[in-house]
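Please read it with the model open alongside.

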Amino acid sequence: MVPPRPVVHAAVFALAALQALASDTFIAAVYEHAVILPRATQETVSPEDALALMNKNMDILEGAIKEAAQQGAHIIVTPEDGIYGWVFTREAIYPYLEDIPDPEVNWIPCTDPTRFAPAPVLERLSCMARNNSIYVVANIGDKKSCNSSDPSCPSDGRYQYNTNVVFDSEGKLVARYHKYNLFRQETQFNYPKEPELVTFETPFGKFGIFTCFDILFREPAVVLVSELQVDTVLFPTAWMNVLPFLTAVEFHSAWAMGMRVNLLSANTHNIRMSMTGDGLFTPGGAAAYYYNSKTEEGRLLVAKLSARPRLSPTYPPAVNWSSYATSVKNFTEDSTFLGAVRRDIFTFSELKHEDGNYTVCQKDLCCHLTYRISNKSNDEIYVLGAFDGLHGSVIKYHWQICTLLKCKSTDLSTCGQPVETAQTKFDMFSLSGTFGTNYVFPEVLYSDVQLAPGEFEVLPDGRLESKNSTSKPLLTATLFGRRYEKDLKHPLRNSP
């Protein structure tokens with residue numbers, strides 16, 4: 001259907017206005033929040049008690065939003081579960097939910113709070129954005145009534161969704177996203193019937209949004225970047241760190257580099273559950289990041305980013321992730337052994353010399369490593385590892401991983417177990433693999449779970465290389481590949 005001419009004129013005018021105001025850079029903020037949790041109970045609280053808890057968390061978030069605005073930030077992302085936490089059954093979370101309308105209704109809750117059903121959380125978030133002239137991204141819960149004519153309607157007559165909302169600097173609701181890939185413990189929420197591809201335009205770039213576990217799957221994460229060409233991804237998360245490959249700052253920085261896009265990652269902070277690590281990540285590495293597993297404090301991060309990284313002269317070139325590895329003959333392959341990284345069985349080879357060339361293969365994946373160690377600690381062992389297969393106990397998805405990895409001890413059976421400290425530095429390393437995918441994410445992690453921004457590079461032929469000797473002892477250098485087409489069908493998504 002062709003829209004009426006006034007609508008066309010309005011759309012053209014709005015686009016022209018955006019282009020006129022367009023900026024090459026913008027200031028972004030993320031806030032890692034130590035969430036005030038509800039009492040551990042299965043009982044349903046009153047709406048008044050639910051709102052009281054949410055207001056306590058929003059008091060803290062409002063302080064962070066004000067501080068970000070004072071530092072010139074145009075947008076701030078707050079964490080998944082950042083307003084009410086995660087200790088809920090399906091029934092117990094209901095008083096915390098609001099009915100969030102489609103952004104097409106053109107609504108500013110701060111100035112028109114009674115237009116829809118009571119929504120005090122939406123109203124307060126809208127006012128935070130409006131009063132501070134900043135885009136605000138938050139994670140709350142959405143409820144939608146359904147009836148028996150809908151065959152997938154839950155027995156309690158409603159859908160409940162883990163939901164992100166975005167308010168612009170005037171307080172208008174401009175985006176709503178229902179999380180598509182729920183973590184298996186999120187039984188309080190429903191799966192949307194289809195993945196939502198949510199984008200919105202601003203004077204400082206095109207934005208997309210998804211939540212936490214979504215980042216590991218093709219939909220919506222890859223589609224937003226590869227097909228819809230967003231400049232920046234907004235990423236509320238409640239990420240439980242899992243060494244050696246899935247620590248928040250490690251994987252999120254790698255994903256931004258592999259997808260060549262900005263990622264604004266805001267994590268919850270709860271050291272008992274290993275939740276920490278957020279950052280402002282770019283195609284060239286971390287602009288700013290925070291990881292603290294020792295104290296209960298959250299953190300506000302603010303940094304200037306490229307609004308349209310694809311137009312930047314420093315935008316990284318496309319990478320053929322298997323080019324180098326498939327063009328060389330296998331290096332010397334010493335004896336290999338099997339070891340577990342959680343439940344995944346890797347093929348490992350011990351690095352027995354101060355320098356050398358190694359190849360390790362598993363199924364379709366061969367990993368090549370050239371290295372030179374500068375000061376090897378006698379009580380530390382490193383291995384080259386390869387994994388090519390399905391990961392996950394319930395939701396199974398396909399990984400291809402090449403990794404230079406420090407073992408937990410000199411006992412080879414500990415290779416793959418979590419370790420946070422190291423003493424050995426490398427003069428150089430070059431890692432590559434015969435990946436069957438273009439979606440590969442480069443990770444370099446130093447001792448004490450520190451990133452290495454600016455100290456490594458990815459060459460167009462798929463080699464992950466150190467630029468100089470490592471400035472800190474190395475925990476792992478990894479190429480983390482995802483073969484989305486080999487994922488198994490999701491076993492839970494269609495269940496109520």
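1. Helices (H or I, at least four residues) and strands (E, at least two) are taken as DSSP runs and numbered from the N terminus. On that basis, Lys363 falls in the loop between strand S15 (355-362) and strand S16 (365-375). The model is a predicted one, in which local features need pLDDT of at least 70 and side-chain atom pairs count only at pLDDT 80 or more, while totals for chains, interfaces and linings use all residues. Residues are numbered from 1 along each chain as its sequence is written, and side-chain values use heavy atoms, with hydrogens and water left out.

2. On the overall fold, the chain has six helices and 24 strands. Its radius of gyration, taken over C-alpha atoms, is 23 Å, close to the 23 Å that the globule rule (2.2 Å times the number of residues to the power 0.38) gives for 496 residues, so the chain is as compact as a globular protein of that length. Along the principal axes, the C-alpha atoms fill a box of roughly 70 × 55 × 45 Å.

3. On burial and surface, 56% of the 496 residues are buried, where buried means under 20% relative accessible area, exposed over 50% and partly exposed in between (1.4 Å probe, protein chains only). The chain exposes about 20,500 Å², of which carbon and sulfur atoms supply 50%; these areas come from the Shrake-Rupley method with a 1.4 Å probe, and for residues only the protein chains shown count as cover. Of the contacts (heavy atoms within 4.5 Å) with a separation of 6 or more, 71% are between residues 24 or more positions apart.

4. On charge, there are 44 positive and 55 negative side chains, and the centres of the two sets lie 2 Å apart. Lys and Arg count as positive and Asp and Glu as negative, with His and the chain ends not counted; each charge is placed at NZ of Lys, CZ of Arg, CG of Asp or CD of Glu.

5. On aromatic pairs, rings of Phe, Tyr and Trp (its six-membered ring) pair if their centres lie within 6.5 Å, and planes under 30 degrees apart count as stacked, over 60 as edge-to-face and the rest as tilted. By this rule the count is 30 aromatic pairs. In one of them, the ring centres of Trp107 and Phe116 are 4.8 Å apart with the planes at 75°, so the pair is edge-to-face; Trp107 is buried at 1% relative accessible area, whereas Phe116 is partly exposed at 29%.

6. The rings of Phe183 and Phe213 also deserve a look: their centres are 5.3 Å apart and their planes at 90°, so this pair is edge-to-face. The pair links distant parts of the chain, 30 residues apart, with Phe183 in the loop between strand S5 (173-178) and strand S6 (199-202) and Phe213 in the loop between strand S7 (205-209) and helix H4 (218-226). Phe183 is partly exposed at 27% relative accessibility, while Phe213 is buried at 9%. Both belong to one aromatic cluster, whose members include Trp239, Tyr397 and Phe480.

7. Which residues of H4 are buried? They are Pro220, Ala221, Val222, Val223, Leu224 and Val225, and the buried residues of H4 pack against S5, S6, S7, strand S8 (232-237) and helix H5 (248-259). The peptide bond from Glu219 to Pro220 is cis, with omega near 5°. Another cis peptide bond joins Leu243 and Pro244, with omega about 10°, and Pro244 sits in the loop between S8 and H5.

8. Arg342, in the loop between strand S13 (337-341) and strand S14 (344-350), has a positive phi of about 55° and is exposed at 61% relative accessible area. Lys363 has a positive phi near 55° and is exposed at 67%.

9. Leu451, in strand S21 (residues 450-451), is buried at 9% relative accessibility. Its C-alpha atom is separated by 6.8 Å from that of Glu250, 201 residues apart along the chain. Leaving aside neighbours within four places in sequence, Leu451 is in contact with residues including Val249, Glu250, Phe281 and Tyr289.
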